[in-house]
Amino acid sequence: MIYDFDNLSFQILGVLSIDHQRGLFNVKGRQYAALAYRFSGTAEFNFDGKLITSNPGDIIFIPEGTSYDVRHSGGNMIVIHFTDCNYHVPENISLTNKLYIGNLFAEILEKWEHCRSIHGTKAKVYNILELCYELNVREHTNSLAENAKQLIDENYSNPGFNIEVLAQKLYTSAPTLRRNFSDRFGIPPKQYLLKVRLDTAAAFLSQDFSSVLEASRKSGFNDERYFSRIFKKRYGKSPSNFNKQ
């Protein structure tokens, strides 16, 4: 795939929004390649016998000099045109987090129309391809919920780590994350994060050398009053009494 082609190089020619008419079209090879995100409509491509269907939320790559037949149902795309591209395989990329990727393409178009920065646009395209690679790896190894659980287990001690930050790290929205996590583990991610922090604090308090303040800070709490209140709610004892017992 284009996103894991290590030697990829190209130059930016332009960025534009295209509204396709409905119908069957024969397109002759052009002197530029195209990387496009489809916002609406579908398209069925025939690249000399290689059939590709592009649906809303998909990214399609068409190499320069490639002729094809395509049947459009209509719809809108944002297209980035390349010159001097050394990747020559037509392909469709379909991943989760479609809305997030679409927003990145929309941002590229907006900035291109504003200042037409060649180098800035090229950097953003590489970022999108890197994101596609990361998402592809995650989809083939762990689910969204399992990745979220792993990140919580690794970052709970950071007081600045919360569900919004977690969603950003996973390139998804907080509602999607909550739904996937709850379905997989039977508990919302926010409650799981709190559980990990409180259980960790309890483990520290069970050791004679840990003070209440130290236990709270090491567990990701930066407000000792809040920590004491929710700790007592969970364990039925204040942190100081838990420590003594």
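User: What makes L99, E110 and H114 of α1 count as exposed?

Analyst: In this predicted model, local features need pLDDT of at least 70, side-chain atom pairs count only at pLDDT 80 or more, and totals for chains, interfaces and linings use all residues. Residues are numbered from 1 along each chain as its sequence is written, and side-chain values use heavy atoms, with hydrogens and water left out. Exposed means over 50% relative accessible area, buried under 20%, and partly exposed in between (1.4 Å probe, protein chains only). L99, E110 and H114 are exposed.

User: Which residues of α1 are buried, and why are they said to line one face of the helix?

Analyst: I101, G102, F105, I108, L109 and W112 are the buried residues of α1. Seen down the axis of α1, they fall within an arc of 115°, so they line one face. The arc is that of the directions from the helix axis to the C-beta atoms.

User: What makes β3 and β4 a pair?

Analyst: Two strands pair if DSSP finds at least two bridges between them. Five bridges join β3 (residues 43–47) to β4 (residues 50–54), and the strands run antiparallel. N46 stands opposite L51 in β4. Two residues lie between the strands of this hairpin, where D48 takes a positive phi near 50°.

Methods. Helices (H or I, at least four residues) and strands (E, at least two) are DSSP runs, numbered from the N terminus.
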